[in-house]
Structure formats: structure tokens, C-alpha cells
Amino acid sequence: MVIGYLVHDLCDPAVARRAAMLRCGGADLRLAGFHRDRVPPGLAALDPVVLGRTQDARLMRRAGAVAQTLAMRIDALARHFAEAETLMARNLEMLVIARAVAARTGAAMIYECLDLHDLLLRRGPLAACVRGVERWAAGGAQSVLTSAPAFIRAHLGTLPARTPAILVENKLFPAAPAPARTAPLGPPWRIGWFGALRCRRSMEMLLHLIDRAEGRVELHLAGRPSPAVFPDWTGLTRGRAHVIDLGAYAAGDLGRLYGDVHFNWAVDYYEAGGNSELLLPNRLYEGSAFGAIPILRAGTEAAALVAPYGFAELLPERDPAAALRGFFEALEPDAFAARQAGLGRVPRARWVADAAECRHLLARLTPPTATEAPVYA
């Protein structure tokens, strides 16, 4: 099966993970998209059509880049994807491009929506316009692929009836066996915040904790801080006691990173009141797969996922910073060991995808024949 994959950011590690899943499932993958940094080597090997550079949190500029692509590159993209049976578009801006390509090639379309932008949830003329564009573009889609049931309840279920939902959680893939953990059992307690770093309130809470913990807590950072959220990133982290900024990392580093910390910061206020409450973040699966105890906001979908197991620390909505300080002031090695044992009792398959899941995913993306109903879950 030939799949054309249109992505918003060729540098996003989650894009590389999805590409790996599709190829493991048996897809012959063709790739095109924008980028916000350099193109990772793994994706460069797929010889993607690079549509240009865009910026995080610059929606109108990205809309301009889409318009420019539609005006100047659409015929070239149609040739690039001429053999694709299915076009999968990662988020709304790429879905608009995919619809134009599909009109030329006749390919089926999949809308991959893994975050709900604030404009898809709020009211007002601009939000209504964006939702109208989405309904038009999604009207040509065979199905919508998403990572959290709450996205379907909150918004995606309102799309045209012929776009049923495929739920694929953000499980880690591919994943080597979990390495031996290197974090010592006891203070200083190490909190790891890894991945796309774009929550200003999280950073303020964590630095406030570190400044008052008197060496009892360390903060380990790794990944890609958003320039739009953290134009002062270096000033916030450089030379600060008990804050270790490890910089960018590759997917193969995840076991080492999480194995060297006790806790996984999975708190998100970036789009509080909307996407932040609904998502099941990549880092929740990554950290849990490698034995780091998640810290989450109570009342969110992510908290609801792990709460029945009893190992996570859930921060209340009222004064979470004070609750965070109180937790680490009282934390003893035996209590941490009990949480870690609880996490260890959860099957690793809860957090990690395997080859069978990749094949099942590809089967659900196969265009139906004229006599078949769409395949969805």
C-alpha cells in the first residue's frame, strides 16, 4: 500500500514515530511537509518534498505558507503522490493541501488530528471561519485519526458523518527494552521534562520549586523549547543551580533520559481549558514505558487514564504549586518505591506499540472498495 503523508513539521519526533509505524505495518511511504528546524536524518532518508520553513504558534504565517503551496506547488505534489492510494494529512493546514492533491490524484484521505487548536474550540468569527474550513476539508476524508477519546467527544465527533474516528494512542514506537534505571532511590529527587517544551506556567512552577527545595529536587530538561513561548530560554536555565539542560535528543535517548530521573513532568497548561485538558501526551507513554512516575494535573484526561493504577502524582487545580512543594517536602524513599512498584505492575504494552498494532493501523487506513463500508474503530 502506498501512503502519501503530508506533515506540518518534518522535525517533530512524533511524525518520525508515525512514519516508522506506517512502514512497519507494510506501507510504501511518500512524504512531504514543512519544517520548523532541520529535517531529522531518519526522515531525510525518505526523500521528502520540503515545502518550506514555518514557525511554532504563528498560525497566520502558516496559513500564508499553505496558500503559497496551493498556488505554486500543488501540481508538483500531485506528481509526487501520484501512486498513493491514501493521503494522510497531519493537522488542518495539511488537510487543506491534501484535499487539493486528492482532487488531482483521486486518492482517499485521512485527517490526522492529534491536537485541537484553540480556534477549533472557542467562539467568535475567526474560530467559526476555521471550523468552516475544517468541515469543508474533512468532508472529503475517509476517516479522522486521533490519539485521545476526549478529542472525539469535544470536537471531532461534530465533523461530517462520513468521517468516522480511528483512535491510535500516542504509544512509544519503536521501543527497545527498558534499560536499567540509574536514578538513585532517594533525594535529590529528579524531575524530567522532555520533548516539546511550550508551557510557560510549568516552567515557572518548576523553577519556583527548585529555588525553594534547597537541593532536595533537581530539574532535568531535554528537547525543543518553543521560541514563541521561551524567547528567554537560555536566561532561564543557564547557570541555575539544580537545573540541568541537556538540549536536543534523539528517540534512542529516551530510555537513558527517563531512566536517570524519578518523575516525569506531564503537566500542561499551554492551552488550559481546552487541548491541555483533553490530550494524552506522548511523554506520558514514554516516561511510563521507562519507569518514571508521571506528575499530572488532576481533572484531565491524562490523569483519568492513570489514576486507577495509583502510581501517579496528581496536582489539584487549586494552588498546584503549593501541592507540588508539599509533595516533595514529605516524599520518602519507601513511598517512591511503592509508586514505582505500582507502575512496574502495569503491562508495558499499555505504553508501547508493537508490530501487530502497526499492521492493524495500516489495515484501517486501506481505502474501502465500492462495496465495503469504511473500516474504523
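In which helix does Asn282 lie, and which residues does that helix span? Please describe its setting, then go on to the nearby pocket and cavity linings and to the salt bridges.

A: The model is a predicted one. Asn282 lies in helix α13, which covers residues 282–289.

Asn282 has a relative accessibility of 25% and is therefore classed as partly exposed, because the buried class is kept for values under 20%. Leaving aside residues up to four places away in sequence, Asn282 touches Ala14, Arg17 and Asn170. With one of these, Arg17, there is also a polar contact between the two side chains, at 2.9 Å. As a reference for position, Asn282 and Arg359 are separated by 77 residues in sequence, and their C-alpha atoms are 21 Å apart in space.

Helix α13 also takes part in a pocket. The second largest pocket holds about 190 Å³ of space, and α13 and α16 (333–344) are the elements that give two or more residues to its lining. Of these elements, α16 gives the most, with three residues. The lining has 14 residues in total, and those nearest the centre of the pocket are Ser288, Ala289, Gly291, Leu343 and Gly344. Sorted by class, the lining of this pocket is made of eight nonpolar, four polar and two charged residues.

The structure holds one cavity of 30 Å³ or more, and the largest cavity contains about 70 Å³ of space. Its lining is formed by Ala266, Val267, Asp268, Ser276, Leu279, Pro281, Leu296, Arg297, Thr300 and Ala302. By class, six of the lining residues are nonpolar, two are polar and two are charged.

Ser276 is found in helix α12. With a relative accessibility of 4%, Ser276 counts as buried, because this value is under the 20% limit. The side chain of Ser276 makes a polar contact of 2.7 Å with the side chain of Asp268, and both residues belong to the lining of the largest cavity. Not counting residues up to four places away in sequence, Ser276 touches Asp268, Tyr269, Tyr270, Glu271, Arg297 and Thr300. Of these, Asp268, Arg297 and Thr300 are also lining residues of the largest cavity.

The side chains of Arg297 and Glu277 meet with N and O 2.4 Å apart. This pair links distant parts of the chain: Arg297 is in strand β12 (residues 293–297), Glu277 is in helix α12 (residues 275–278), and the two are 20 residues apart. Arg297 is buried, with a relative accessible area of 4%. Glu277 has a relative accessibility of 19% and so also counts as buried, because the limit is 20%.

The structure has 20 salt bridges in total. In one of them Glu112 pairs with Arg90, the closest N and O atoms being 3.2 Å apart. Glu112 sits in strand β5 (residues 108–112) and Arg90 in strand β4 (residues 86–90), so that distant parts of the chain, 22 residues apart, are linked. Glu112 is buried at a relative accessible area of 0%, and Arg90 is buried at 6%. Arg90 and Glu112 also belong to a network of salt bridges that includes Arg18.

In the other salt bridge, the side chains of Asp115 and Arg198 meet at 3.9 Å, N to O. Asp115 lies in the loop between β5 and α6 (118–121), while Arg198 lies in the loop between β8 (189–197) and α9 (200–212), so this pair ties together parts that are 83 residues apart in sequence. Here the residues are not in the buried class: Asp115 counts as partly exposed at 38% relative accessibility, and Arg198 counts as partly exposed at 23%.

How values were computed
Residues numbered from 1 in each chain as written. Predicted model: local features only at pLDDT ≥ 70, side-chain atom pairs only at ≥ 80, totals over all residues. Heavy atoms only, no water. 1 Å grid on protein atoms, 1.4 Å probe; cavity = no way out; pocket = protein on both sides within 12 Å on 5 of 7 lines; lining within 4 Å. Points joined across faces, edges and corners; volume = space filled by probe spheres on them. Nonpolar A, V, L, I, M, F, W, Y, C, P; charged D, E, K, R; others polar. Salt bridge = Lys/Arg side-chain N within 4 Å of Asp/Glu carboxyl O. Helix = DSSP H or I, 4+ residues; strand = E, 2+ residues; numbered from the N terminus. Buried < 20%, exposed > 50% of the residue type's maximum accessible area, 1.4 Å probe, protein only. Polar contact = N/O pair within 3.5 Å; in protein donor to acceptor, adjacent residues only side chain to side chain. Contact = heavy atoms within 4.5 Å.
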